[in-house]
Amino acid sequence: MQWHVKMAMGAAAFATLGLPVSALADETVVESFRLSDARALVTACSVPEDHALHPRANAFCLGYMTGAMQFYGAAIKSPDVDPFVCAPEGLSRVSLRDVFLDWARANPQRLDEPAIEGLVRAAVAEFPCKR
């Protein structure tokens with residue numbers, strides 16, 4: 001049985017008993033790994049360091065940043081793709097995460113969009129290319 005299914009079943013059992021359950025908050029974090037929208041990426045990238053799921057959420061978030069950065073780097077090597085993000089060389093994935101979270105706080109109306117759209121909008125806003 002998958003881990004998130006076990007977590008949901010455990011939370012449901014405790015909820016039925018009327019006991020306070022931090023697992024319900026945990027389920028929100030686990031569900032964010034599905035990346036249904038930019039809000040889910042915000043959730044995954046915002047788990048506090050003292051939370052039990054922080055190591056997994058942080059790895060997920062930074063892995064997403066890495067994948068997006070590598071995809072963009074490969075895409076702009078094509079002569080058919082003009083750069084649209086001009087980030088400083090050596091930009092870390094932690095820095096990109098922070099740019100995204102700052103953008104998300106300033107643009108809550110965009111959080112229902114796909115996660116990658118939010119990340120691209122954040123990067124374009126922070127690191128526009130001079131045309």
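**Salt bridges in this model**

Thank you all; what I would like to walk through today is a predicted model, in which the count of salt bridges comes to six. I will go through three of these pairs, and for each one I will say how accessible the two partners are.

Let me start with Arg34 and Glu31, whose side chains form a salt bridge with a distance of 3.1 Å from N to O. Arg34 has a relative accessible area of 52% and is therefore exposed, while Glu31, with a relative accessible area of 38%, is partly exposed.

The next pair is Asp112 with Arg39, where the side chains meet in a salt bridge at 2.5 Å, N to O. This pair links distant parts of the chain, since Asp112 sits in the loop between α5 (93-106) and α6 (115-126), whereas Arg39 belongs to helix α3 (residues 38-45), and the two are 73 residues apart.

Is Glu113 buried or exposed? Its relative accessible area is 16%, which is under 20%, so Glu113 is buried; Arg110, on the other hand, counts as partly exposed, at 29% relative accessibility.

Note on methods. Residues are numbered from 1 along each chain as its sequence is written. This is a predicted model: local features need pLDDT of at least 70, side-chain atom pairs count only at pLDDT 80 or more; totals for chains, interfaces and linings use all residues. Side-chain values use heavy atoms; hydrogens and water are left out. A salt bridge is a side-chain nitrogen of Lys or Arg within 4 Å of a carboxyl oxygen of Asp or Glu. Buried means under 20% relative accessible area, exposed over 50%, partly exposed in between (1.4 Å probe, protein chains only). Helices (H or I, at least four residues) and strands (E, at least two) are DSSP runs, numbered from the N terminus.
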